[in-house]
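Subject: That structure, and what I found in it

Hi,

Here is the structure I promised to pass on. Have a look at it first, then read my notes below.

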Amino acid sequence: MHTFTIRDLRDRTAEIVREAEAGHLSVVTKHGQPVFVAVPFDEALLREGVLVSLATHLFKAAELSLSRAARLAGMSILEFMDTLARAGIAVARPEPGELEQELQALGD
């Protein structure tokens with residue numbers, strides 16, 4: 001997720017549009033405080049609605065935890081997990097080497 005200032009809206013409009021076209025969220029700030037979020041207008045937005053689309057994008061970008069994203073979407077965790085699965089977004093995101101550590105611990 002990228003952050004742009006109100007001034008950037010005037011000076012860097014093309015970049016902000018490219019970010020949206022690439023599926024990235026952008027936060028626009030004024031005096032360092034968030035004013036609004038630019039959400040890509042895509043199939044997910046049309047199908048699921050703004051809150052679900054926003055929660056999905058923020059979860060995918062690791063900006064929100066699963067429980068917080070589900071709460072933002074107005075869903076239970078299980079419902080939101082189903083939404084993520086339909087979008088092809090993995091719920092489990094192990095750190096590099098974490099799986100190997102877990103398997104080694106099981107073998108000990």
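A residue counts as buried here when its relative accessible area is under 20%, and as exposed when that area is over 50%, with partly exposed in between. Leu-54 has 15% relative accessibility, so Leu-54 is buried. Keep in mind that this is a predicted model.

Let me stay with Leu-54 for a moment. This residue sits in helix 4. Setting aside neighbours within four places in sequence, Leu-54 is in contact with Leu-25, Val-37, Val-39 and Leu-72. Ser-65 is 11 residues from Leu-54 in sequence, and the two C-alpha atoms are 13 Å apart in space.

Now the overall picture. The protein chain has seven helices and three strands, and along the sequence they come in the order β-α-α-β-β-α-α-α-α-α. Its radius of gyration is 17 Å, well over the 13 Å that the globule rule gives for 108 residues, so the chain is more spread out than a compact globule. Along the principal axes, the C-alpha atoms fill a box of roughly 60 × 30 × 25 Å. Of the 108 residues, 25% count as buried. The accessible surface comes to about 7500 Å², and 56% of that belongs to carbon and sulfur atoms. As for contacts between residues at least 6 apart in sequence, 34% of them join residues at least 24 apart.

Next, the inside. Nonpolar side chains tend to be buried together in soluble globular proteins. Which residues make up the largest nonpolar core here? There are 10 of them: Val-52, Ala-55, Phe-59, Leu-66, Ala-69, Ala-70, Ala-73, Phe-80, Leu-84 and Ile-89. Helix 4 (50-60), helix 5 (66-73) and helix 6 (77-86) are the elements that each give two or more residues to this core. Helix 5 gives the most, with four residues.

Not counting residues up to four places away in sequence, Leu-66 touches Phe-59, Ile-77, Phe-80, Met-81, Leu-84 and Val-91.

Then there is Thr-56, which lies in helix 4. Is Thr-56 buried or exposed? With a relative accessibility of 11%, Thr-56 counts as buried. Beyond its neighbours within four places in sequence, Thr-56 is in contact with Phe-80, Thr-83, Leu-84 and Ile-89.

Finally, two loop residues with a backbone angle to look at. His-31 is not a glycine, yet has a positive phi of about 55°. His-31 is found in the loop between strand 2 (26-30) and strand 3, and at 77% relative accessibility His-31 counts as exposed. Ala-62, also a residue other than glycine, has a positive phi near 60°. Ala-62 lies in the loop between helix 4 and helix 5, and its 56% relative accessibility makes Ala-62 exposed.

Cheers

Conventions. Residues numbered from 1 in each chain as written. Predicted model: local features only at pLDDT ≥ 70, side-chain atom pairs only at ≥ 80, totals over all residues. Heavy atoms only, no water. Core = buried A, V, L, I, M, F, W, Y, C linked by side-chain atoms within 4.5 Å. Buried < 20%, exposed > 50% of the residue type's maximum accessible area, 1.4 Å probe, protein only. Contact = heavy atoms within 4.5 Å. Rg over C-alpha atoms; globule rule 2.2 N^0.38 Å. Areas by Shrake-Rupley, 256 points an atom, 1.4 Å probe, with all protein chains shown as cover.
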